[in-house]
Structure formats: C-alpha cells, structure tokens
Amino acid sequence: MSKIITCEQVSNGHPDKICDQIADAIVTDILQHDRNARVAIECLLKKSQLFIAGEVTTDYRPNYQQIVHDVFNRIGTEKLGWNLTELLRIGILVDKQSPDIALGVDKGGAGDQGIMYGYATNETAEQMPIPYMVATKFLQLLKNHPSKMFRADAKAQVSYDYDTGRITTFLCSVQHSPDVEVSDFRHIIESMMVLAACEYGLDGDFTKLVNPTGRFVLGGSYADCGVTGRKLACDTYGGIGRHGGGAFSGKDPTKVDRSGAYAARWVAKNIVAAGLAKRCEIQLAYAIGVAEPVSIMVETFGTGVVGDDVLEKAVEKVFDLRPAAIIEQLDLRKPIYKQLAAYGHMGREELGVKWENTDKVEALKAAVNG
C-alpha cells in the first residue's frame, strides 16, 4: 500500500490568517517600542467587525486602528474585495497580564505550563516536509500573480506518495472576482501548481483539483469567521509532525507556546543537519514559573545513526532550553513577528530567523561522539 500523506496551507487573505497577522503586527509594534513588554492578544473577525482582546503590559500605547489598517493594506484591499479600511469597526478588550503569571516569568521561568514540538526532515533544503513546502510555494506564487481575477482568500492541499516520491493530488480553492468562472482561470492555477512542484524537483503529472465546488466568490470574513491561532498546522509543518496545544501569533516570546516551539525546531533541524537522523521530532515540556524544561524527548522514527536516548543526552548538553536563554539565543525580543504570521513560521530561511540556523551541528556531533 502506498504511503500518501497530505499537507495543507492557507493564504494571507484567509480570515484566520488575517487575525494572526493583526495579532502579530500588534506584538511587533509593541516590541519595537518596549522590548520587555508582555503581550497576549487574540483577534476575532466577522464581516466588518473586529474584536481585539487579551493582555498587554507596557507603558506604550499602540495605535490599534493604524496597525489593523496597515495589515489590510499589506494584504491588499483590492484583493480582499471590499474596502475594509473604511468599513471596519474595531472593539478592544485589553487588560494587563495577571500578576500571578508575571511572578514566574520575572524570575526567568516559563509563562505557562505546556508541551511544544519541533520537527525536521531531510526531504528539502529547508529541512521541511515536501508536500507542505509545495503547498506553501503555490500560495506564494498565487499571492504575487498580477491578475485581478484572484482575490485574497485561498487554500491549498498537497497529497504526496512517500513510496513513489510523487504528488498524487493537488487541491486548491481560490477566491475569485464575480465576473469570471473557474474555466477562465483554471489553466493559470494548474500552471502554478506545476511550477510549485517543479521548484522541489517534482513533475506535474498529478490530479489537479481547482475550486471543486465550481465557484468561490464570497470569501474572507463574509464567508467565515476568522480567529487567531486556528491554523496551527499551516504555521508549522502542514500536519506532519505533532503540535502542542498553543498557538504562536499574538504572543511575546516569554510565552513558551511560541519560544519553546521555535527552540524545538532549532534543535530538530540541527540534528538532521548534522546527519544524526533523517527525520527528527523534539518535544519540550515546561511548568509555569520553572526555568528548566521538565522533559526533553527526541524521536527519530528509526532514522537516527545513534539511539534517541543518546541524542537526548547530547541535546541537554548542547542546548540551553530555559525560556530566558531561548529568548536571548534566538533574539526573540526583536520585532520580527508580523512577517511570520502568514505562510509559516518554520523553514523561513529567507527571513533570517535564528531558529533556522544550523549553528550547533559540530557541537552535537562532538557530544554524540564524546
């Protein structure tokens, strides 16, 4: 039987991703003015009503209206299909972080209990799952396409046969203007599917499904309700590899949901880059107010050159995985987050984020061999 695995991705105009982008734009803006601020922001968008809620601890007062408008302008109000910057109503429910939580964070501990996962594989140069990268590449091509037929809301799904090394089915749903039919642009979409596959050395001989319902005019927040943190698989590995309970967007780096997941990716990627495994998954677990992780798990799915227990000891020796140390090593107080809120937080080497660095390869090899 073939081993077919499917990965998904969504565009920056998907309503959930709009909310992620607003939340991370708020985090970025606040950190630009106060690197030590605490931020935990959630957004909900339906039709022309946006709610921003959460906790922010800083003396800086963000201009929420301007931040939101900047996000919609970056996506493109023409692609969204209506002028949100004029019609949007914003409700704000923001308080300060609980002093009980602050007690633990102030002394370098984790801001909450939780489990975080990181994953890496040698399938692509980015050390990411190949069907996920193809789906993401397609949506980036779609975003940059000059045609006015295409609107901002879109999804892609790639099914990949790991036994044969081929895509079996490529599915996309692309919002379009009301004056065209799918038949008017199917050939453009199919050509972008093939181009995305070719970027990763794959051929275009696969089943292509374009807007299977036949029409996708009403999209965005008028067709669906957007909520922060509802596209976790799209933020990470497309559904390959596990994910902890917490979202990334809207959170400053003292939240281990975010910093711990980045650190776990950093560890996994270095293990694969060192040639110590073909695939690697890392689990980190934290207790609120406690600096050291309560557990570190390495799983190489039988692809490791040494036992997973040996790799766990090497990881403990090479990586400092206390929250304050992660923030320092990965430079997480930099205002970098708004660029990560669409098209994935992992594998983004073009953004220069430090959790994609393979700077611990030699230290890991030495720890294993020593």
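Helices H1 and H2 cross in a right-handed manner, where right-handed means that the near helix is turned clockwise from the far one by less than a right angle. The model is a predicted one, in which local features need pLDDT of at least 70, side-chain atom pairs count only at pLDDT 80 or more, and totals for chains, interfaces and linings use all residues. Residues are numbered from 1 along each chain as its sequence is written, and side-chain values use heavy atoms, with hydrogens and water left out.

Two packed helices are described by the angle and the distance between their axes. Here, the axes of H1 (residues 15-33) and H2 (residues 64-75) come within 9 Å and cross at roughly 130 degrees. H1 is therefore oblique to H2, as angles under 35 degrees count as roughly parallel, over 145 as roughly antiparallel, 65 to 115 as roughly perpendicular and the rest as oblique. In H1, the residues that meet H2 are Ile18, Gln21, Ile22, Ala25, Ile26 and Asp29. By class, the contact (heavy atoms within 4.5 Å) has ten nonpolar, one polar and two charged residues.

Turning to the strands, an open sheet with mixed pairing has the order S4-S3-S2-S9; strands pair if DSSP finds at least two bridges between them. Its edge strands, S4 (89-95) and S9 (226-227), each pair on one side only. S3 (residues 49-57) and S4 run parallel, joined by seven bridges, and glutamine 49 has arginine 89 in S4 as its bridge partner. H1 packs on this sheet, touching S2 (38-46), S3 and S9.

Terms used: Axes fitted to C-alpha atoms, helices over the stretch in contact; angles between N-to-C directions. Helix = DSSP H or I, 4+ residues; strand = E, 2+ residues; numbered from the N terminus. Nonpolar A, V, L, I, M, F, W, Y, C, P; charged D, E, K, R; others polar.
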